[in-house]
Amino acid sequence: MIAETVCSAVSAAGLGIAAVTAYRKRFLAAARIAAYSLVPVGLVLTGVVGWLADTAFSPTAWAGFGVLGAAWLLFASTRAVERRRGGTRAERRAARGGRSDAVAPAASAPSLGPATRPAARPAAAPRATDSADDFSDIEAILKKHGI
């Protein structure tokens, strides 16, 4: 009975705030506030609040939550140990067995031929003009990168 009264009071206060907000010409915000303020009354009318109140004071319900929590802890700890060990039992057995079909045998071999050094390039002849001096740094950088 107290929960229903509190929910009704919260809804009434929310609708009042929505009315003030609408008076200030903020209709979108007022509609959103009104929607939020109608939720507690809807929960009371559907019986969810009564069910929650009965559950909150029930020792059987709290024992059920405890069992669920213990199950979750067991599940989480076994998953953590499984990840630390490196997968499931079948995956570990396949790894010990030797070859895995997940990767092709020659997958680690390079797909390109052996690396070769580019042929030596003849040095560019020095230029006599002053404009060539402006680009000499750029040419040096480009030569350094093989361009």
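Student: What makes residues of α1 and α2 count as meeting each other?
Tutor: Contact means heavy atoms within 4.5 Å. On that basis E4, C7, S8, V10, S11, G14, L15, I17, A18, T21 and A22 in α1 meet F27, A29, A30, I33, A34, S37, L38, P40, V41 and V44 in α2. Bear in mind that this is a predicted model, where local features need pLDDT of at least 70, side-chain atom pairs count only at pLDDT 80 or more, and totals for chains, interfaces and linings use all residues. Residues are numbered from 1 along each chain as its sequence is written, and side-chain values use heavy atoms, with hydrogens and water left out.

Student: How many residues of each class does the contact of α1 with α2 have?
Tutor: There are 15 nonpolar, 5 polar and 1 charged residues. Ala, Val, Leu, Ile, Met, Phe, Trp, Tyr, Cys and Pro count as nonpolar, Asp, Glu, Lys and Arg as charged, and the others, Gly among them, as polar.

Student: Why are α1 and α2 called roughly antiparallel?
Tutor: Helix α1 (residues 2-23) and helix α2 (residues 27-46) pack at an angle of about 170 degrees, with their axes 8 Å apart. Angles under 35 degrees count as roughly parallel, over 145 as roughly antiparallel, 65 to 115 as roughly perpendicular and the rest as oblique. The pair α1 and α2 is therefore roughly antiparallel.

Student: How do you know whether S37 is buried or exposed?
Tutor: Buried means under 20% relative accessible area, exposed over 50%, and partly exposed in between (1.4 Å probe, protein chains only). S37 has a relative accessible area of 4%, so S37 is buried. S37 is found in helix α2 and, leaving aside its neighbours within four places in sequence, is in contact with S11, G14 and L15.

Student: Why does M1 get its accessibility label?
Tutor: M1 lies in the segment before α1, and its relative accessibility is 82%, so M1 counts as exposed. The C-alpha atoms of M1 and G50 are separated by 8.6 Å, although the two are 49 residues apart along the chain.

Student: What share of the whole protein counts as buried?
Tutor: Of its 147 residues, 10% count as buried.

Note on methods
Axes are lines fitted to C-alpha atoms, for helices over the stretch in contact, and angles run from 0 to 180 degrees between N-to-C directions. Helices (H or I, at least four residues) and strands (E, at least two) are DSSP runs, numbered from the N terminus.
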